[in-house]
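Please look over the sequence and structure first.

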Amino acid sequence: MQNADFDAYRLSEEHEALREAVRALAEKEIAPYAAEVDEHARFPVEAREALVKAGFQAVHIPEEYGGEGADELAACIVIEEVARVCASSSLIPAVNGLGSVPILLSASEELKKQVLPSLASGEAMISYALSEREAGSDAASMRTRARRDGDDWVLNGTKCWITNAGESTWYTVMAVTDPEKKANGISAFVVHKDDPGFEVGPKERKLGIAGSPTREIYFQDCRIPGDRIIGAEGTGFKTALATLDHTRPTIGAQAVGIAQGALDQAVAYVKERRQFGKTIGEFQGVQFMLADMAMKVEASRQLVYVASSRAERGEKNLGFISSAAKCLASDTAMQVTTDAVQLFGGAGFTKDFPVERMMRDAKITQIYEGTNQVQRMVMARSLLR
Ligand SMILES: Cc1cc2nc3c(=O)[nH]c(=O)nc-3n(C[C@H](O)[C@H](O)[C@H](O)COP(=O)(O)OP(=O)(O)OC[C@H]3O[C@@H](n4cnc5c(N)ncnc54)[C@H](O)[C@@H]3O)c2cc1C
């Protein structure tokens, strides 16, 4: 924990040790490159190497597939601590989670054995491909098709906004197998980057998380072996939604990390910056801002930890708590990073300090894995059921 004074929730010793280890690694091996990764919109290779070397790139992969077998709370702690210094880099563990949870939840043992060991060793990364240009919030209206051809599946269509596309080896892809059945006619597949008919598009030019490539991916008669379907035909959309119940808390964790990073920067700055003959941290107006920022960060962190712990226990009806954690934490990250820029004054508006990057990076957490309007729809649906 950043400050034991506002630690209401006791983590286990293992979780605390993990946080310390990831924080040390992030500060030493990821933070020094964060500004330059953002400036040049380049993939954070140093972060990937450091995370793989320490075994933090996909801690949730079970031991039987060569992984660490860490729980969902531990996965959140890794993402949070990396995001505290570099949000782009935190998408390495976050999207390894997002892409592989459908496999963990629903794939055959053979498919798990094909994919998961390469994620555990760090040899490969995986992306998650649900969204299309015309099917974002309404993801079930997707057009990408998969049809059987002998023993194989043949995919046609375009997915967009795919995080880490071009860097990943594996892609978990949702596609329509029976258009008549709407959401129940969607199936999930695993595509390899070398499968014939698969291609990645150019990088999107973005407001934030510039170091994490976001691209379209194209399937032109892309042929994959029959055993690369995840679960039974027609269960892909259910698997995609069940995945989000587990991974929305990880986006919450990313948001908490970004917010904590901005708060730490702001606390350090107000102790140094002097105006009217005093440090600005001596002004009550500034103190109240800091208190509100820290209060919201801690409330968000607790909700993220509760949501991930409940997901780990496999509780039913995770929709409300997962959406609440993602929504509160990302709204908090946006507010806290904006306030951090404010506390830096003019300096906060320049690239000489990291808070403007954190503010730009925070914005995406309100948009992806379902916009915060969609999170509120999920929460309201659960209340009114
Ligand atoms: C950088 C980045 C990375 C991404 N990574 C991935 C990824 O790896 N894999 C993947 O599959 N997708 C990814 N996405 C896609 C992301 O999940 C979608 O952008 C998001 O779900 C919103 O869809 P949309 O962009 O089509 O917006 P739209 O659905 O067009 O929404 C536009 C606006 O309308 C609002 N809106 C829509 N419907 C409703 C409603 N019923 N009620 C109220 N408001 C509504 C939305 O909240 C939003 O404010 C990524 C997106 C970005 C920008």
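## Ligand shell and domain contact

β1 (126–129), β3 (152–163) and α10 (372–384) each supply at least two residues of the shell around the ligand. Helices (H or I, at least four residues) and strands (E, at least two) are DSSP runs, numbered from the N terminus. The model is predicted: local features need pLDDT of at least 70, side-chain atom pairs count only at pLDDT 80 or more, and totals for chains, interfaces and linings use all residues. Residue numbers start from 1 along each chain as its sequence is written.

There are 21 residues around the ligand, and Gly136, Ser137, Trp161, Thr371 and Gln373 come nearest. A residue is near a molecule if its C-beta atom, placed from the backbone, lies within 6 Å of it. Domain 2 (126–235) and domain 3 (237–384) each give at least three residues to this shell.

The protein also has domain 1 (4–121); the domain bounds come from an automatic or database domain assignment. The C-alpha centres of domain 1 and domain 2 lie 23 Å apart. Their contact takes 25 residues from domain 1 and 21 residues from domain 2, with C-beta atoms, placed from the backbone, within 7 Å counting as contact. On the domain 1 side, α1 (13–39), α4 (87–106) and α5 (109–121) each supply at least two residues; α4 gives the most, with 12 residues.

The classes of both residue sets are tabulated here.

Key:
Two residues are in contact if their C-beta atoms, placed from the backbone, lie within 7 Å.
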